[in-house]
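Dear colleague,

Here is the structure I promised to pass on. My notes follow below it.

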Amino acid sequence: MNNKIPLLPFSAPSIGQQEIDAVTAVLKSGWITTGAKATELETMFCEYTGCRHAIALTSATAGMHLLLHSLNLKPGDQVITPSMTWVSTVNLIVACGATPVFVDIDKDSLMCNAELIEPLITEHTRLIAPVHFAGAPLDMDDIRSMASRKNVALVEDAAHAIGTAYKSQNIGSQGTAIFSMHPIKNITTGEGGMFCTDDASLAEHIRRLKFHGLAVDAFARESQGRSPQAEVIEPGFKYNLPDMNAALGVEQMKRLQEFNQKRQLLAHRYHQLLTDVDEISPLSTPGYDHQHAWHLFIVRLDIEKSGFTRDQFMEALKQQGIGSGLHFRAVHLQKYYRENPPPGLSSLPNTEWNSDRILSLPLFPDMQIQDVERVVNSIKIILSGNKK
Ligand SMILES: *Cc1c(COP(=O)(O)O)cnc(C)c1O
């Protein structure tokens, strides 16, 4: 590793003085756990996405856990989700005692669609959990109408989709969607998630499950003068987002548009500069009307033509001081799932093809256009040094 080259990370949160001041104010306020700031962040999500109910949680994973728990899954119940996703969803399906059924993806968008999902639906299907990928939206009209025709519950994994719109509606405006505020996502609370839904009874259930299954949480007891000993309605969990984190999220939400505009500018420059690099192909973007949030800039390496495996190529980028990410190694190819394949696992050719070839190039709001040029120049140098 050449220590003289400054490292360009693949992602970094953008934290300004306003975030530092807001978190400091919470620390000095005397109330640092879930309270007024968490409520403010929930209200901002409702206003921004157009959802009726938003529940702040410690992670998107927590949101998926609560949703799966609320379905009361029994052994043999099936949940359809792509294998091209973060491991958390599949881990939780298994941890809740159900069977993951993997849907393959479109080769160039990394997203599933109604046509791919429908043949997998059986009498045991309890939930469909498709993933908006890299900041692009799924083709939701088809997926929604198919799910309602088949009478199966639907949750959108919107971890990549803060600021994504589909046909002029922000993701989260309809149905149930779970956002992530992990530090690499479009806005961050350190760790955090937001459960958005238009279903009032589901929202009430999730609100209860996120705090021990109590009828009201500690803040409601404090601020609304309810009985100090709220009762357990059902056994629940402890997934409430503290105000220290929520205050960070409130400031980040104010900057969401600025962040995503910068991401778009950087992504546009990548597209321009990569057109003449034959061995590197970016993902396609949807043909339907949408607003892309550019969460990730994912490319596929031509491993035949370049003479590199993807892992070797990521290592070569690292030698040039450039970080990269992998979103994602297919879940069914990970050790546990190779050794314990879910019953009925079918072949997933597009998932496997991409799992061997994808990498995410640096993309974050504090990055400069010149950094994009540096990344592409390094890619060209690496590839030209390895011509077959
Ligand atoms: C990040 C991510 C998650 C999990 O989000 P956390 O907030 O870290 O739990 C889930 N699904 C996808 C597709 C993700 O990228």
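Asp198 sits in the loop between strand S10 (193-197) and helix H7 (200-209). Please keep in mind that this is a predicted model. At a relative accessible area of 28%, Asp198 is partly exposed. Its partners beyond four places in sequence are Arg52, His53, Gln174 and Gly175. Take His53: 145 residues separate Asp198 from His53 in sequence, but the C-alpha atoms are 6.1 Å apart in space. The Asp198 side chain reaches the backbone nitrogen of Gly175 at 2.8 Å.

The chain splits into domain 1 (17-255) and domain 2 (257-385). Their centres, taken over C-alpha atoms, are 26 Å apart. On the domain 1 side, 41 residues are in contact with 39 residues of domain 2. Together the two domains bury about 3500 Å² between them, and carbon and sulfur atoms give 59% of that area. Within domain 1, Lys107, Asn186 and Arg255 lose the most area to domain 2; these three account for 19% of what that side buries.

How many salt bridges are there between domain 1 and domain 2? The count is 2. Separately, Arg255 forms a salt bridge with Glu258, with the closest N and O atoms 3.3 Å apart. Which elements give two or more residues to the domain 1 side that touches domain 2? They are helix H4 (87-95), strand S3 (99-103) and strand S7 (165-166). By class, that side of domain 1 has 21 nonpolar, 12 polar and 8 charged residues.

**Arg300**

Arg300 belongs to strand S13 (residues 297-301). Is Arg300 buried or exposed? It is buried, because its relative accessible area is 4% and the cut-off for buried is under 20%. Two polar contacts of its side chain stand on the list. One goes to the side chain of Asp108, at 2.9 Å. Another goes to the backbone oxygen of Pro282, at 3.4 Å. Leaving aside neighbours within four places in sequence, the residues in contact with Arg300 include Lys107, Asp108, Glu279, Trp353 and Arg357.

**Gln252**

Gln252 lies in helix H9 (residues 243-254). Its relative accessibility is 2%, so Gln252 counts as buried. Not counting residues up to four places away in sequence, Gln252 touches Ser14, Ile15, Glu19, Ile187, Thr188 and Phe259.

**Helix H3**

Helix H3 (residues 60-70) is mostly covered, with 9 of its 11 residues buried. Which ones are buried? They are Ala60, Ala62, Gly63, Met64, His65, Leu66, Leu67, Leu68 and Ser70. At the start of H3, a side-chain oxygen of Ser59 comes to within 3.4 Å of the backbone nitrogen of Thr61. After H3 comes Asn72, with a positive phi near 55°.

Best regards

Conventions
Residues numbered from 1 in each chain as written. Predicted model: local features only at pLDDT ≥ 70, side-chain atom pairs only at ≥ 80, totals over all residues. Heavy atoms only, no water. Domains from an automatic or database assignment. Contact = heavy atoms within 4.5 Å. Buried area = accessible area lost by both parts, 1.4 Å probe. Salt bridge = Lys/Arg side-chain N within 4 Å of Asp/Glu carboxyl O. Helix = DSSP H or I, 4+ residues; strand = E, 2+ residues; numbered from the N terminus. Nonpolar A, V, L, I, M, F, W, Y, C, P; charged D, E, K, R; others polar. Buried < 20%, exposed > 50% of the residue type's maximum accessible area, 1.4 Å probe, protein only. Polar contact = N/O pair within 3.5 Å; in protein donor to acceptor, adjacent residues only side chain to side chain.
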